[in-house]
Amino acid sequence: MSTEMYKPGSYPNLPPPPGTVGFYGWIRNNLFSSISNTLLTIVSVVLVYYLIDGIIGWFLFDAVFDADSKIECRKINDGACWAVITRRVGQFVYGFYPEAERWRIDISFLTMFIAFAPLLYPDLPKRKWLLWFSGIYPFFAFILINGGFFGLAKIEYSLFGGFMLTVILGVTGIVCSLPIGILLALGRQSKLTVVRTLSVCFIEFMRGVPLITLLFVASSMLNYFMPPGTNFSILVRVIIMFTFFSAAYIAEVIRGGIQAIPKGQYEAADALGMNYWQTTRFITLPQALKISIPGIMNTFIGLYKDTTLVVVIGLLDPLGIGRAALADTKWNGLSTETYLFVALFFFVSCFAMSRYSLWLENKLNTDHK
Amino acid sequence: MSFLSYIWRNEKSREIIVQIFVLLCIGWFLSWLISNVDANFKALGKDISFEFLFIPAGYDINQYLIDYNNRDSHLRAGIVGLLNTGLVAVFGIILATVLGISLGIIRLSKNWLASKIAYWYIEFTRNVPILLHILLWHGIIINTLPHPRKALNLGDVTFLSNRGFYIPKPLTENGIELVYLFLVIAIIFSVLFFKYAKKKQDLTGIQYPVFWINFSVLILLPLIAFFISGMPISLEIPALKGFNFRGGMHMSPELAALTFALGIYTAAFIAEIVRAGILAVDKGQREAAESIGLKPSKVMKLVILPQARRVIIPPLTSQYLNLTKNSSLAIAIGYMDLVATLGGISLNQTGREMETMVIVMLIYLSVSLSISAFMNWYNNKVKLVGR
C-alpha cells in the first residue's frame with residue numbers, strides 16, 4: 001500500500017475494480033450474476049448448440065439445391081431439398097405472369113421504392129420533386145402491370161401470383177385503407193349521432209368477423225349486391241375487402257391517438273376561432289397520427305401477413321404456388337421446405353417494416369428525455 | 001332567403017340537416033343493394049330461406065364432441081363445427097398463455113443470452129403469417145412423423161404418428177362420486193379459508209400461509225377419496241392394432257397442428273404484452289416497495305403485478321379473441337370448424353351462400369361483441385380514478 005500523501009482534492013481517479021468492467025465484467029453481470037442465472041445461461045447455451053447443430057446442417061450444409069425430384073434429392077443428400085424452390089423460383093416471384101413481360105413487374109417494383117422514399121423519409125433531399133412522382137406512381141404502376149395502354153399487352157388478373165401478388169395486395173390495401181381509417185376514426189368521435197352510430201357499426205362489424213368470412217363474401221356473394229350483369233375481377237373484390245377490414249382496425253388505432261390529445265388543445269383551437277375542419281387538419285390529426293404510428297404500422301404488417309388468406313379462395317399467392325408445387329408428385333411431401341421459404345420472405349419484409357416503424361417513432365418523439 | 005341562411009348558420013339546425021342528408025344517402029345505398037340482390041336472385045330463381053338447416057347434411061365430420069352422423073341436419077353439423085372451434089380455441093388459449101407469459105418473463109430476464117433467444121423467437125414467430133404457421137405444422141406432422149407402426153413412443157403410453165397423437169384416456173369407474181364430492185368440499189373450504197384469512201389480516205395483521213394450505217387441501221382431499229373408494233380412475237392406454245392405434249384419446253393431426261400454430265403464434269404477441277405491462281409499472285413503485293422491506297416475491301405479487309394487470313388484461317383479451325377468429329383458418333388444412341362445416345360444405349351442398357355466411361358471421365360477431373363488452377366492463381372497474 002502506498003503511503004503517499006495527497007493535497008485535498010488532488011487524489012487521482014482510481015481504475016474501477018477488476019471484474020466489474022470490460023469483457024469479464026460484462027459476462028459476470030449479464031450471464032453469471034447468480035446461481036439461477038448461471039443455470040439459465042447453461043440451458044440457453046445447450047439449446048442454441050442443438051438448434052445450430054440440427055438446423056444449420058439441414059438448412060445449408062446437407063441441403064440439395066438442384067435436382068429433378070424429391071427422390072433424386074434424397075439420393076444426393078439427406079438435408080433440405082431446396083430444388084422444389086429453385087426449379088420454380090420464377091413462379092414464386094411472378095406467378096403465371098408471361099415470362100416475356102416480367103420486366104414490367106421488375107420496373108414497377110424498383111420504382112416503387114423511389115415513389116415511397118419521399119413518404120417514408122421526411123428529410124430526403126429534393127423531396128418535393130419526388131413527391132410528384134409518388135403522386136403519379138399508382139397510375140404508372142397500374143398501366144405498367146395491367147397493360148392495355150401504349151401498346152403494352154393486357155395481362156389477365158388470373159395470371160397474377162407469387163410474391164408479386166402479395167406486394168400488390170398489401171400495398172394497395174395499405175394505401176387505400178389509411179384515408180378511410182382516418183375518416184372512420186373522425187366519424188366515431190363525431191358529435192353527430194347518425195355519423196357516429198354508422199361508424200361504430202361498420203368498425204365493430206369488420207373487427208368482429210374473421211377476415212376469411214369476408215373473403216368468402218368477396219368471392220361468392222359480392223356480385224349479388226351489384227346490378228345484374230356487373231362482373232368485376234376477384235382481385236378487385238379482394239382488395240376492397242382488405243381495405244375495409246384494415247380500415248376498421250386503423251380507425252380504432254387512430255381513435256386511441258385522438259383520445260390521447262389533451263383537452264387544452266381543443267380549447268386553444270376554439271379560442272383561436274378555428275372551425276371543425278381547421279381544428280382537425282391542424283390540431284387533431286398531426287398529433288393523433290404521430291401518437292398512433294406504432295399501431296398503424298402494426299395494422300399494416302397484419303394486413304400484409306393476412307394477404308396469405310387469399311389462397312383459401314383460390315388466388316395464387318406464394319402459398320398457392322407452394323401448394324401447387326407440392327401437389328406435383330415429383331415434389332410430394334416437401335412441405336417444410338416450401339413453407340419455410342415463404343416464411344423467410346414474410347419474415348424479412350415484416351421485420352423490415354417493424355424496424356422502420358421503430359426508427360420513425362424515435363425520430364418523431366419530441367418528449368424530453 | 002334570410003330564413004334559409006339562418007337555418008344553415010345555426011349550429012343545431014345545421015347538424016340536423018347534415019344528419020338527415022347522411023341518413024338519406026345510406027338509406028338509398030342500402031335499398032340499392034337490396035334491390036340488386038332481389039334482381040339477381042330473381043334472375044337465378046333463388047330465394048332466401050333457412051329451411052335447409054333442417055334437412056340432412058349428408059357429409060361426415062371426422063371429429064365431433066356431440067353425437068353426429070351424416071343423416072343429421074345441417075344445423076347439427078354447424079353446432080358440431082362450432083364446438084370444434086371452441087375446442088381448438090380453448091387448447092390454443094391455454095398453450096398461448098403459458099408459453100406467452102414464460103417468454104415475456106424470460107424476455108425481461110437479466111440474463112443476456114436467454115433474453116436474446118426469447119427476442120428472436122418472438123420476432124421470428126410474429127412476423128410470419130398465421131396461415132403459414134398452420135400449414136407448416138400440419139406439413140411437419142403429416143410428412144415427417146412416422147407411420148403409426150413406427151410411431152414415436154413416449155414411455156409406452158403416448159404415441160406420436162402422422163395419423164395424429166394418441167394419449168391415455170382416463171376412465172371413471174364406480175365410486176368416482178366420492179372423489180367429486182371431496183373435490184367440491186375442498187374448493188368450498190379453500191374459498192372460505194381465503195376469505196377468512198383476508199378478514200383476519202385486515203383486522204389483526206396476522207398472515208396465514210393461505211396458498212400452501214389451500215394448495216395441499218385441494219390436492220390431498222380428492223387424493224384421500226381416491227384411495228378410500230378403491231382407485232376408481234384407470235387409464236386406457238392406446239395400443240397398436242393392425243395399421244392404427246385403438247383406445248386412448250386421439251388428437252387428429254389437424255387439431256394438433258392448429259393448436260400448436262395458434263398457440264405459438266399468439267404466444268409471441270402475449271409475450272410482448274406481458275413485457276410491456278411489467279415495464280409500464282413505474283420504476284419508483286418497485287424502489288418504494290423494496291425500501292419498505294418487502295421480499296422480491298412480495299414486491300412482485302403485491303406491487304408490480306396488480307398494477308401491470310391493469311395494462312395487460314385488455315390487450316390479452318383481444319389476443320384471445322384474435323386466436324378464436326384465426327382458428328377459422330382451420331379450413332386450409334381441413335379441420336372441421338364452424339367455417340368449414342356450415343360456411344364450407346353446407347354452403348357448397350345447398351348453394352345458400354347468403355344464409356350460411358350470415359349465420360357464421362353473426363356467431364363470430366356475437367362472440368366478439370360479448371367479449372368486448374366484458375372488456376369494457378373490466379376496464380371501467382380497474383380504471384384509475386382521475387381527480
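## Chain B at a glance

Helices (H or I, at least four residues) and strands (E, at least two) are DSSP runs, numbered from the N terminus. Counted that way, chain B of this predicted model has 12 helices and 8 strands. With a radius of gyration of 28 Å, well over the 21 Å that the globule rule gives for 387 residues, chain B is more spread out than a compact globule.

Of the 387 residues in chain B, 30% are buried. If you take the contacts in chain B between residues at least 6 apart in sequence, 67% of them join residues at least 24 apart.

## A four-stranded sheet in chain B

Let us turn to the strands. Chain B holds an open sheet of 4 strands in the order 1-2-3-8, and the pairing is antiparallel. Strand 1 and strand 8 (249-251) of chain B stand at the edges with a single partner strand each, so one side of each is left without a neighbour in the sheet. On average, and with direction ignored, neighbouring strands of this sheet are turned by 15 degrees against each other.

We can walk across the sheet in its strand order. Strand 1 (residues 152-154) of chain B pairs with strand 2 of chain B in the antiparallel sense, over 3 bridges. Here B:Leu152 has B:Leu160 of strand 2 as its bridge partner. These two strands form a hairpin with 3 residues between the strands, where B:Gly155 takes a positive phi near 60 degrees.

Strand 2 of chain B covers residues 158-161, and its side chains alternate.

Strand 2 and strand 3 of chain B form a hairpin with 2 residues between them. B:Leu160 stands opposite B:Phe165 in strand 3, and B:Leu160 is also the bridge partner of B:Leu152. Strand 3 of chain B then pairs with strand 8 of chain B, antiparallel and over 3 bridges. In that pairing, B:Tyr166 stands opposite B:His250 of strand 8.

## Where the two chains meet

The contact between the chains takes 48 residues from chain B and 47 residues from chain A. On the side of chain B that touches chain A, the elements giving two or more residues are helix 2 (11-44), helix 4 (112-126), helix 5 (130-144), helix 11 (338-350) and helix 12 (353-382) of chain B. Helix 2 of chain B gives the most, with 12 residues. By class, the residues on this side of chain B divide into 31 nonpolar, 12 polar and 5 charged.

## A helix pair in chain A

For a look inside chain A, take helix 8 (residues 162-188) and helix 14 (residues 293-306) of chain A, which pack at an angle of about 145 degrees with their axes 9 Å apart. Their crossing is right-handed.

Which residues make the contact? From helix 8 of chain A come A:Gly170, A:Gly173 and A:Ile174, and from helix 14 of chain A come A:Phe300, A:Leu303 and A:Tyr304. Sorted by class, this contact has 4 nonpolar, 2 polar and no charged residues.

Methods: Residues numbered from 1 in each chain as written. Chains lettered and ligands numbered in written order. Predicted model: local features only at pLDDT ≥ 70, side-chain atom pairs only at ≥ 80, totals over all residues. Buried ≥ 20, exposed ≤ 12 C-beta atoms within 10 Å, placed from the backbone. Pairing = 2+ DSSP bridges. Rg over C-alpha atoms; globule rule 2.2 N^0.38 Å. Contact = placed C-beta atoms within 7 Å. Nonpolar A, V, L, I, M, F, W, Y, C, P; charged D, E, K, R; others polar. Axes fitted to C-alpha atoms, helices over the stretch in contact; angles between N-to-C directions. Left-handed = near helix turned anticlockwise from the far one by under 90°.
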